[in-house]
Amino acid sequence: ELLPIGSPFTTPAAAKLPKFDPPRNPAATIPEPFRNWSLNVQVRTEEPVLIRGNFATGEVTGSMRLGGTVGTPAPDGVLTIKDFRADLPFSKLAVRSGTATFTSGNGFDPVLDLRGTSEPRPYQVNIFVYGRASDPQLLLTSSPPLPENEIMTLLATGTTTTGLVDSQAASSRALQLLAEEIRRGRFRFGKQLRPLLGVLDKVDFGLNEKDPYSTDSYSTATVSLSDRWFLSAGLSSTGESRALVIWRLTFR
C-alpha cells in the first residue's frame, strides 16, 4: 500500500499498532460454589518455548502464579522473549529481550516492554513497544534521525519517501519486494525451495537504486562478511560494473 504504482504518491501516516480487545474471562460464568474456590497454581517453563516460522524465530520463557479465585483469577508473573528475529521485507528486526508482565490488577492483559533494532542501510532504527497489550504504544527512532512516518516507509519499502516519488524507482522497489518474498519462501512453493534459497539470507539485493555519489542507478548485491565488513557488486543502467569493499563505522 505504500508503493505508489499507478496512483499519486501520498505520504503515509505515523505508525500505529492495532488495538486488541481485552481478553474475556470465561471463568466468571462458573456457578457457585466453584467460582469462589481459591487458586494457588504456579506455572513455569522447564525449557524455552521455541518460535519457529518463515517470518520470525525466538524463544519464550517465564513463570507465573495464578492466585485469586476460580471466578476471578489473578495472574502474577513475567514472560520473557529472547533472541527474537523477524524478517522484514528489506531488513531484519532483532529483539534481544522483551517482557510481558502480568499483574493481578490487569488480569490477562499484560504490560509489554519490547525493544528492537533494525538496520535498513544506511539507517539504524530503534523500535519500542510498551503499554498494555489491549492498547500498545509504538515509538520509532532512527539514526540518522527521521520522522516516524518516514521510518515506517523505510521499514516497509527499504527506502524513504524521496526514493518512491519517481514511478520507475517505485516499480523497481515493487519488483525487489517480490524477489525478497520469493527468496524468503513466503509464496506457494516456498517451503520446497527454502533450503536452496536459504544460502542467500546474508545477501542484500537492490534493483535500480540511485547512487548518492553520481547520477547513475545500480542494481547491487551486498554480502555481509561480518558485523562491519561487507562486499558489494553492482551493475549500472548504462552497463558499467563496480565492486566495493565496505567497512561500516556506527556512532551511538
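This is a predicted model: local features need pLDDT of at least 70, side-chain atom pairs count only at pLDDT 80 or more; totals for chains, interfaces and linings use all residues.
Student: Which residues of strand β11 make up its uncovered face?

Tutor: In a regular strand the side chains alternate between the two faces of the sheet. Strand β11 covers residues 229-236, and its covered face holds F230, S232, G234 and S236. The uncovered face is W229, L231, A233 and L235.

Student: Which residue of β12 is the bridge partner of A233?

Tutor: Strand β12, residues 241-247, runs antiparallel to β11, and seven bridges join them. A233 is on the uncovered face of β11. Its bridge partner in β12 is A243.

Student: Which residue in the turn between β11 and β12 has a positive phi?

Tutor: β11 and β12 form a hairpin with four residues between them. In that turn, a phi of about 95° belongs to G239.

Student: Which elements give two or more residues to the nonpolar patch on the surface?

Tutor: The patch is formed by V223, L225, W229, L231, V245, W247 and L249, with about 700 Å² of accessible area together. W229 and L231 are on the uncovered face of β11, and V245 lies in β12. The elements asked for are β11 and β12.

Student: Why is V245 classed as exposed rather than buried?

Tutor: V245 lies in strand β12. Exposed means over 50% relative accessible area. V245 is exposed because its relative accessible area is 61%.

Note on methods: Residues are numbered from 1 along each chain as its sequence is written. Side-chain values use heavy atoms; hydrogens and water are left out. Buried means under 20% relative accessible area, exposed over 50%, partly exposed in between (1.4 Å probe, protein chains only). Two strands pair if DSSP finds at least two bridges between them. Patches are made of residues with over 30% relative accessible area and no salt bridge: like charges are joined within 9 Å, nonpolar side chains (Val, Leu, Ile, Met, Phe, Trp, Tyr) within 5 Å. Accessible areas come from the Shrake-Rupley method with a 1.4 Å probe; for residues, only the protein chains shown count as cover. A salt bridge is a side-chain nitrogen of Lys or Arg within 4 Å of a carboxyl oxygen of Asp or Glu.
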